[in-house]
Amino acid sequence: MGAHKRPSMMSRAGAASALTLAAVGATVLVPGGATGAEASTVATNALHIAASKQGSPYQWGATGPYRFDCSGLTLYSFKRAGKTLPRTAAEQYNRTTHISRGDREQGDLVFFVSGRGVYHVGIYAGDGKIWHAPRTGAVVRLERIWSNSVLYGRVD
């Protein structure tokens, strides 16, 4: 076969795997956690997934793919981006790395609080806006953050 040797099965499988990953836009994460850049990519992907659900109806307790409540939308979006979150907004807050308003980035989670309790969550889209599933009778939408009683969390 000379200079035109056929690639081995392993190299063909590796090329196919790389092509598959490139085609679907997947990110491979090494066990033990993601680097800042990888976490940012996951968050950006989750943000785009949430935005793609614009107009989907709110339904209490729904986690997608066609209906959502607030934490169901964040759970769904991050799961599709490769990260697992707990079910409720409060549990999600407890699972994130807490950050300041000044450190927030697109894809971070925005938690709305009353007293000591977290009651709502959305995904930060930049420019003071979030993607969220607001309430019964509404749909997933982009909306300005309406309260100063918010906390921010980053999914690691």
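Relative accessible area sorts residues into buried (under 20%), exposed (over 50%) and partly exposed (in between), using a 1.4 Å probe and protein chains only. The model is predicted, so local features need pLDDT of at least 70 and side-chain atom pairs count only at pLDDT 80 or more, while totals for chains, interfaces and linings use all residues. Residues are numbered from 1 along each chain as its sequence is written, and side-chain values use heavy atoms, with hydrogens and water left out.

Select W146: at 44% relative accessibility, W146 counts as partly exposed. Rings of Phe, Tyr and Trp (its six-membered ring) pair if their centres lie within 6.5 Å; planes under 30 degrees apart are stacked, over 60 edge-to-face, the rest tilted. F112 sits in strand β2 (109-114) and W146 in the loop between β5 (141-144) and β6 (150-154), so the pair ties together parts 34 residues apart in sequence. Strands (E, at least two residues) are DSSP runs, numbered from the N terminus.

The structure holds four aromatic pairs. For another of them, select F68 and Y76: the centres are 5.3 Å apart and the planes at 65°, so this pair is edge-to-face. Both F68 and Y76 are buried.

Finish at Q106, in the loop between β1 (97-99) and β2. Q106 is partly exposed, at 45% relative accessibility. The Q106 side chain reaches the backbone oxygen of A125 at 2.9 Å. From Q106 to Y124 is 5.2 Å, C-alpha to C-alpha, across 18 residues of sequence.

Definitions and conventions:
Helix = DSSP H or I, 4+ residues; strand = E, 2+ residues; numbered from the N terminus. Polar contact = N/O pair within 3.5 Å; in protein donor to acceptor, adjacent residues only side chain to side chain.
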